[in-house]
Amino acid sequence: MSTLTSQAAVCADIPIVFNKFVLYENKLRFYIVASNTSDSRHRIIKIDRTSQLDLQVVEDDTDYSGKQMSAMLRMLDDGNKGSGGIGKSRVIFGIAGFVKFTAGWYMIVISKRSVVALLGGHYIYHCESTDMLPVCASHKIEKPAEEQRLLNIFKQVDMSKNFYFSHSYDITSTLQNNLTKPGRFRSSSWPFNDRCVWNFHMMSRPFTDLVPRGVQAWLIPLIHGHVDQAKLNVLGRVIFVTLIARRSRHYAGARYLTRGVNEEGNVANEVETEQIVSEALTTPFYFPFERGRSRGPSPRYTSYVQYRGSIPIYWTQDTTTMSPRPPIEINVIDPFYAAASRHFSDLFARYGAPIFVLNLIKRREPVPRESKLLDEYTQCVNYLNQFLPDGKKMVYRAWDMSRAYKEKTQDVISYLEDMAEESIQMTGFFHTGAEPFSHSLSGISDNDMSSWRSDILLQNGMCRTNCVDCLDRTNAAQFVFGKRAFGHQLYALGVVANPNLSFDSDAVNMLTEMYHDHGDTIALQYTGSALVNRVETYRRMPHWNSHSRDIIENIRRFYTNSLLDADKQTAINLFLGVHEHHGKTVHPRGGYQQWYQPGHLETAYTLDDCSHALHDFAAHRGDFWSEYYRPLLFTSLGKHFAYCMNTLKAPGKSVNGSGYSPFLPSNLNPVHQPRLMAGVRKWIGNQTPSHNESMRKSMHSAKMDARSQLYSKTDAHVQSTGVLASQLLDPKVPQEELLEYHRYIDDDQLIHDAMQGDAELTDQLLYMKHVEKSTGREESLLIDGIVELYEGYMLSVTDSQISAPTDVYSYVKWLMEGAMI
């Protein structure tokens, strides 16, 4: 009985998933019918349109079948004959919220969507289009100019760009939270993490007193950020790589207008990045039933979470000077760092300990600018760290990444990889299963089984990365951390034998492009331009057009920050409802020494609790069949998202007859670009060779053939380092080449002897004749009879032979005949 009761309680906590909505509209009411994918369960919501001041929403929490809902709609149509029936219908995909300016309410509905990712059989959608519908049919506006101005400002936040949602998966939380803490919102009015929900103000403002029951069924939370997914084929195994960036709605805004931290401890440009690597052996988060056992969690999912945010002290930049690099001012000096303490206390509550702080701002500058923040931030962390207990202190790393790149004193990528490995070893990452059994076999061979992990792996703590803008340097550093975590995730899934991945492999190139898109999207949202310095910049492998692109992006960034950021900030504040909530929250000052909550320093995710919650989730939650397979919809394989997902390589590619591995370096046989001399030689080779050059080439090919026969024919890798070293240490010269070399040496020695008078008389006369001829001192004397011979030869040539254009007179032949005479 207790088991049935617990299962019933679990089923009661599971929300009903509706992903299809039909809106009926007439002059008196909105009727919204919510249905699940299989059209087996339906609910209806009624919104009154007669009152302009109040928003009246009535939800019927009864679940109807298809026939019952059809009968209900016919009854409503008959009851509304006086107002034109139930009205025309249109398909929508949820309600984003309600907003009110000076007059009545507007309802914002999602009219178009597109699939961007698939996790555990749950689709993640991108909001493609929204519509604003006046709730009141007789919408009377007393101040039309002000109403239109506010409406235009509100629409400056384009809801068709970078807004994402899911009907059945909580995209506002990390994968580890969703699988190991399913009941974390039982004490909350909203079943999601509202920190990342940008339409939370539109969802909560109409329902200040009581949140409607089942509100998650038709009010859709939207996150703002970036979602990307790609497919990796590894020798027949399919790996999904998903990147999710969640931008915080607290203290959000434009670049120069939101800096540092506010009184609540929220920092500017706060983005949580989650990297999910999973193997698509099975679709859901659980494995199928086994005989005599319930379904268990799938060990094919891994996740790693990073964090970026501005430096948590009070600092600003004045943009009125129209300078491309405004000076940095620390306008409030807080000796106790109250705002920073609230910020780090919140990080401990959300992610646990330890916190790895990576600070990438500049240390030395001709004019102190970023270095002001470095000194203040270092003092802040040192002050707060002294009150934390041992083993829970924040790990602080300050490194001038820009100077290391410019002075070429350090390998930037290698240094970041070392810090990434240190951070991952401290915090870990999330894995839903044990290590592959092959790892235990390698431990048996080494007589060491203690290193093999037989339980799930949890991430406690995270890495917090920042530079001044939290854009270029931060994104490059987060890519290196993600690349290092990518290797560990693949190793935990048993895909690779070593977590060290080569930078030039196709898999890492794919991850690089994903982080480039991720960084460009975050930069466009915060500054209005894409990234300036990319990963290739710090790897010293810039593209040929990188310099011009950087100039264009800098100009675009300066133009946007100087002229457009004020209107952008006003639109974001109106969209998020910042002015309505500003000043209402009172933050009591915490202790000067105990600025943290002791409970937040405890292990946030314990192995026993999370393992039990994960098995409970797999047994009773995570259903996906009707959402994923859509039994009533005919779908071809070519239109299926998992089939059409971005993939790294075309299927079937092979190298040397074996399966292609994307983890091998792609430049095993590098092709060098032709230089100037190589081009000249190629041009010379295209000319028609003379007889002597043909003889020289034939002799050279014969020498090369003789030389190649001296080396071992069994060595297939002739260009390897070992073979080249042995050839250089023991050089072998062919006999023909040796004889030619001696002839050359002897020739030079004969000329030298002739100059010194040691040669024979004939050689000396020949040498002197050549010298006189070369200097022009030789008398031009002809041999006796040579003129008469030439005249006789010319008279013997016929006229036809002289006029023939094809005949060429051979002076060489005539001279040879004269010499023989």
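Which residue in β8 is the bridge partner of leucine 119? Look for it in this predicted model. The partner is histidine 122.

That bridge belongs to a longer pairing. Strand β7 covers residues 105-119, and strand β8 covers residues 122-134. The two are antiparallel and share 12 bridges. Together they make a hairpin, with two residues between the strands. Glycine 120 sits in the turn. Its phi is positive, at about 60°.

Now follow β8 to another partner. Strand β9, residues 163-165, also pairs with β8. Two bridges join β8 and β9, again in the antiparallel sense. Here tyrosine 125 faces phenylalanine 165 of β9.

Next, turn to the open sheet. Five strands build it, in the order β4-β3-β2-β1-β5, with antiparallel pairing. Which strands stand at the edges? They are β4 (57-64) and β5 (88-92). Each has a single partner strand, so one side of each lacks a neighbour in the sheet. Neighbouring strands in this sheet are turned against each other by 20° on average, direction ignored.

Zoom in on one pair within the sheet. Strand β2 (residues 29-35) and strand β3 (residues 42-48) run antiparallel, and seven bridges join them. Tyrosine 31 stands opposite lysine 46, which lies in β3.

Conventions. Residues numbered from 1 in each chain as written. Predicted model: local features only at pLDDT ≥ 70, side-chain atom pairs only at ≥ 80, totals over all residues. Heavy atoms only, no water. Pairing = 2+ DSSP bridges. Helix = DSSP H or I, 4+ residues; strand = E, 2+ residues; numbered from the N terminus. Axes fitted to C-alpha atoms, helices over the stretch in contact; angles between N-to-C directions.
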